[in-house]
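Reader: I have a protein model open and want to learn to read it. Can you take me through some features, one at a time?

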Amino acid sequence: MVFQKPPDGGWGWVIVAVSFFTQFLCYGSPLAVGVLYLEWLDVFREGKGKTAWVGSLANGIGLLASPVCSICVSSFGARPVAIFSGFMVAGGLMMSSFAPNIYFLYISYGIVVGLGCGLLYTATVTITCHYFDKHRGLALGLISTGSSVGLFIYAALQRELIVLYGLDGCLLIVGALSLNILACGSLMRPLESSDSPPPEKSCADKVPDQYFVYCEKEKTVEENISILEKGYADEKCANNMPDYKQDSILNKNTLSSINVNEKDTYKKKVAEQTNLCKQLAKRKWQLYLNYWEETVVLFKNKVFSALFVAIFLFDIGGFPPSLLMEDVARSANINEDDYHVPLISIIGIMTTVGKLTLGILADFKWVNTLYLYVTTLLMTGAALFAIPFAKSYLTLAMLSGILGFLTGNWSIFPYVTTKTVGIEKLTHAYGILMFFAGLGNSLGPPIVGWFYDWTQEYDTAFYFSGFCVLLGGFLLLLAALPCWNACTYQSSKLPPNTYSYKVASRA
């Protein structure tokens with residue numbers, strides 16, 4: 001199968017709609033897990049650090065397993081993966097309603113739901129990219145807002161469901177809602193053409209064909225031997241010359257020649273198969289070697305190395321507020337009657353606004369997306385430092401809105417990566433960065449929770465988070481300074497597919 005030219009419309013807009021609702025349904029509960037986090041603290045009576053692992057795994061495991069998710073979508077297609085992942089997300093949420101302890105939630109909610117979300121994210125992005133080329137940025141921006149809208153709605157929805165039906169009933173209902181992912185997945189019609197000529201087979205696919213051709217040659221040799229034997233027998237009968245001694249000698253010679261041919265055939269067959277296996281192993285090893293060599297070349301790029309550190313530190317420090325902000329308000333003894341809108345809902349809606357606004361800004365030619373991204377990091381660090389000083393609902397709501405807006409910098413992160421390493425190396429570089437972003441997502445909330453368990457207050461934890469994000473931002477800013485680009489500009493030493501950020505940003 002060869003993919004058709006992206007239509008940039010038509011059924012593609014249906015794909016955008018179902019991908020939006022898929023991300024809305026799968027990411028709504030994991031991103032709004034802060035509401036469930038409070039209930040799990042009360043039910044299981046575990047430490048904040050240990051309980052925070054549930055939400056951090058649910059949000060980080062999909063990024064950590066992004067290479068596996070990509071292989072699954074490439075092998076089976078977006079539609080089967082989406083349907084299967086819908087069962088995973090719904091099943092994990094429903095299983096979590098029967099959790100006897102926090103360790104069960106690590107599996108049911110953290111790993112099963114998290115992996116299902118990772119598969120669905122890869123499936124929706126892949127199928128959308130197949131259907132769009134000119135309007136790909138707009139399409140990806142629209143589907144990415146599904147998770148943010150899900151965070152906004154699910155935060156209030158889960159709180160109301162807990163009041164009406166309890167924690168177990170809430171998880172059952174949310175899991176049942178997730179079954180609508182199956183309907184969305186069934187509409188992800190693959191964009192393929194059956195009229196195109198099949199692609200040339202790889203070396204691994206040619207192995208059976210080579211074996212069958214060899215068997216045919218062997219069969220032909222055996223048929224020729226049988227024909228010679230038959231001709232010899234007919235000639236002997238026609239001449240009617242019975243000479244048993246001579247016949248016995250001839251038979252022995254014929255049998256010995258057949259045995260020699262069979263031995264030679266077997267040896268030749270073994271030698272060919274052994275040589276083919278050696279070639280395949282050598283080719284596979286060369287692919288791994290090339291991958292590590294390309295990785296080393298990527299890390300020789302100062303901006304990419306700083307970007308790698310920045311995204312890791314940003315996810316360690318910037319992700320915990322979306323999970324822990326509700327508990328921060330409770331720890332500050334804020335009256336629940338003052339709650340007009342859940343803080344997590346404010347983060348969700350402002351993340352949507354941030355994604356769209358920052359994405360639009362990134363399209364302007366006069367905007368350097370790398371410096372725009374650095375600005376969001378520095379502002380996020382400053383907002384995290386301000387959280388310990390917020391002692392009212394209004395100030396926490398304002399900080400939640402600011403953090404939500406700045407978290408929308410995820411929409412420009414692919415732009416920054418592309419202009420740092422070039423489009424040819426985007427897949428390789430983005431996979432590395434997303435893996436460590438998932439690692440930061442998984443570690444951030446437990447670290448903040450452990451700080452609270454040690455100090456019995458969140459102040460130190462958010463000072464630590466703010467320091468991490470500011471450190472990453474300053475390192476990235478230093479690496480992006482024009483003096484480094486001037487050194488990099490001696491481009492005769494640059495590989496042909498490597499671009500300095502200054503060149504790419506002006507292209």
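Reader: Is Leu 167 buried or exposed?

Author: Start with the cut-offs. Buried means under 20% relative accessible area, exposed over 50%, and partly exposed in between, with a 1.4 Å probe and protein chains only. Leu 167 has a relative accessible area of 14%, so Leu 167 is buried. This is a predicted model: local features need pLDDT of at least 70, side-chain atom pairs count only at pLDDT 80 or more, and totals for chains, interfaces and linings use all residues. Residues are numbered from 1 along each chain as its sequence is written, and side-chain values use heavy atoms, with hydrogens and water left out.

Reader: Where is Leu 167 found, and which residues is Leu 167 in contact with?

Author: Helices (H or I, at least four residues) and strands (E, at least two) are DSSP runs, numbered from the N terminus. Leu 167 is in helix H7, residues 136-178. Contact means heavy atoms within 4.5 Å. Leaving aside neighbours within four places in sequence, Leu 167 contacts Leu 36, Glu 39, Trp 40, Val 43 and Ile 162. Take Trp 40: 127 residues separate Leu 167 from Trp 40 in sequence, yet their C-alpha atoms are 8.6 Å apart.

Reader: Which residues touch the most other members of the largest nonpolar core?

Author: A nonpolar core is a set of buried Ala, Val, Leu, Ile, Met, Phe, Trp, Tyr and Cys residues joined through side-chain atoms within 4.5 Å. Here the largest has 118 residues, and Leu 36, Trp 40, Tyr 109, Tyr 373, Tyr 458 and Leu 476 touch the most other members. This core lies between domain 1 (1-191) and domain 2 (282-486), because both give residues to it. Those domain bounds come from an automatic or database domain assignment.

Reader: What is Tyr 458 in contact with?

Author: Set aside neighbours within four places in sequence. Tyr 458 then contacts Tyr 37, Lys 48, Leu 324, Asp 327, Val 328, Ser 331, Val 448 and Tyr 452.

Reader: How do I check the span of a helix?

Author: The expected span is 1.5 Å times one less than the number of residues. Helix H18 (459-479) has 21 residues and should span 30 Å; its end C-alpha atoms are 30 Å apart, which agrees. Its buried residues include Phe 462, Gly 466, Leu 470 and Leu 476. Helix H1, residues 11-31, reaches 29 Å, close to the 30 Å expected.

Reader: Where does H1 bend?

Author: The bend at a residue is the angle between axes fitted to the seven residues ending there and the seven starting there. H1 bends by about 25° at Leu 25.

Reader: Which residue other than glycine has a phi near 55°?

Author: Arg 45, and that value is positive. Arg 45 lies in the loop between helix H2 (33-44) and H3. With a relative accessible area of 67%, Arg 45 is exposed. Gln 456 also has a positive phi, near 60°. Its place is the loop between helix H17 (426-455) and H18. Gln 456 counts as exposed, at 54% relative accessibility.

Reader: What does Gly 62 touch?

Author: Not counting residues up to four places away in sequence, Gly 62 touches Cys 69, Gly 114 and Gly 118. Gly 62 sits in helix H3, residues 48-64. Its relative accessibility is 11%, so Gly 62 counts as buried.

Reader: How many helices does the chain have?

Author: The chain has 20 helices and zero strands. Buried residues make up 45% of its 507 residues.
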